[in-house]
Amino acid sequence: MRAAKIVLLVILGSCCGCSMQAQSGAAPAINGPTVFANNQNGTDFGEAAIVPDNSDVVQGYEEQAGPQMHFRLSRAYCDKRTGSQQSASDQASFLCVPDAVTIDDSHPPSSTPNKNLVIVPFKYGMNIDYPGGLEVNSTWLGAHANHSVCFSGETNWLNQDSCQAGGAFWAEDTTDSGGVFSSAFDISVNGAVDRSRSFVLIAADTYTHSSHGDMLFAVRDSSDSFRFQFGTSGVGGADDPTAYKNFTRARIDSNGKGYFDGGTQVGGADFAESVSAGGVGTQYEPGDVLVIDTRWDRQFSLSAIPYSTLVAGVYSTKPGVIGATRGSEDPQLAAQIPMAMVGIVPCKVSAENGPITRGDLLVTSRTPGYAMRGTDSVRLPGAIIGKALQPLTSGKGQIEILVTLR
């Protein structure tokens, strides 16, 4: 026990001596580095230093620390100078590896910046700088809001001083205005998470939580898909590499085709096809009755002849599903219009062939883009656009119809 105490005192004395070597006088002040090595900035075997940020061989990236103390770990140079203390084996295995910084008699350390890990406080927090990758090898990595300094009256959980705030991860952009923001919010009742009011957030965001632009989800191989899973974790569960596909509920493949095991529900009420329209696009508006344009393939135009058998559909106001032959990023897609061919859709109608009542068969009229009641049974086959679901007693207007081309 006595020998152990002596050894402990020696160690403590040595450490105290290290920590005080940059202090002097009655009022201690640290003006230079406390260096835990016998070299300067990693010339032999690396270096650790604690030093004011504006007094060291390197400053923090933010350059807002001034005399604040920072901690520095310096990589050892690949030292090829005459009289280098580095062994050939150390150089081969640790020091002269790819991407190492090399010095020699012609390029001394004073002219060759080294690679330094710097941990430094700055205006908005704590900054870690390193001119390469930072890799974390740990069981898990997390961030949690500091609720010892939060404001209980702040109810917006996104505000950093709110006691409702969760941890926040940012993958930042090049202009320091935002990036990918990830956080979480929960309501706990009797120690259990209330799933009806709790969520995880991933957003393309600015620091003021406004739009940062598109969020891109990418896979790199044509055999990969986006999969949306529901299921328990663990062995045999949704995150088990041998079983995860059993828990897929929706998938989008590399061709953009979507698979939804439970079906889909959309806000519109009709199926439409994205089509080209003859003439100027601004001539058309939702509710117009469209016919096949015989001048061009796959082109459509406003109806203008009664009982036209070229009738094709109605310019959809709010399509539920739109079929298209062009890709989603094709600039020509924006010039096309959605033509409803199945379903319930608002349609322009005219009472020029008499009042329209619910259930009436509708055909094209003389008024461009308008439908009317069809009464000539001989001319009806091939000219019916649909059935009226609402009445129109006189004049012109817009009613809902059931598109049933026949």
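Q: Which residue forms a salt bridge with Lys-348?
A: We're looking at a predicted model, where local features need pLDDT of at least 70, side-chain atom pairs count only at pLDDT 80 or more, and totals for chains, interfaces and linings use all residues. Residues are numbered from 1 along each chain as its sequence is written, and side-chain values use heavy atoms, with hydrogens and water left out. A salt bridge here is a side-chain nitrogen of Lys or Arg within 4 Å of a carboxyl oxygen of Asp or Glu. For Lys-348, the closest N and O atoms of the pair are 2.7 Å apart, and the partner is Asp-288.

Q: How many residues apart in sequence are the parts that Lys-348 and Asp-288 tie together?
A: Strands are DSSP runs of E, at least two residues long, numbered from the N terminus. Lys-348 sits in strand 21 (residues 337-350), while Asp-288 is in the loop between strand 16 (270-277) and strand 17 (289-292). So this pair links parts whose separation in residues is 60.

Q: Is Lys-348 buried or exposed?
A: Buried means under 20% relative accessible area, exposed means over 50%, and partly exposed is in between (1.4 Å probe, protein chains only). Lys-348 has a relative accessible area of 9%, so this residue counts as buried.

Q: Which strand holds Arg-72, the partner of Glu-47?
A: Glu-47 and Arg-72 form a salt bridge, with their closest N and O atoms 2.9 Å apart. Glu-47 lies in strand 2 (residues 47-52), so the pair ties together parts 25 residues apart in sequence, and Arg-72 lies in strand 3.

Q: Which residues do salt bridges that share partners join into one network?
A: The count of salt bridges comes to 10. One of them pairs Asp-330 with Arg-326, at 3.3 Å between the closest N and O atoms. As for the network, shared partners link Glu-47, Asp-56 and Arg-72.

Q: Which residue is the bridge partner of Ser-182 in strand 12?
A: Two strands pair if DSSP finds at least two bridges between them. Strand 9 (residues 178-185) and strand 12 share 8 bridges. Across from Ser-182, the partner in strand 12 is Ile-202.

Q: Is Ser-303 buried or exposed?
A: Ser-303 lies in the loop between strand 18 (299-302) and strand 19 (311-315). Contact means heavy atoms within 4.5 Å, and beyond four places in sequence Ser-303 is in contact with residues including Val-289, Thr-364 and Tyr-370. Its relative accessibility is 0%, so Ser-303 is buried.

Q: How far apart are the C-alpha atoms of Pro-391 and Ile-356?
A: Pro-391 lies in the loop between strand 24 (386-388) and strand 25 (396-404). Among the residues that Pro-391 touches, not counting those up to four places away in sequence, is Ile-356. These two are 35 residues apart along the chain, yet their C-alpha atoms are separated by 5.2 Å.

Note on methods
Helices (H or I, at least four residues) and strands (E, at least two) are DSSP runs, numbered from the N terminus.
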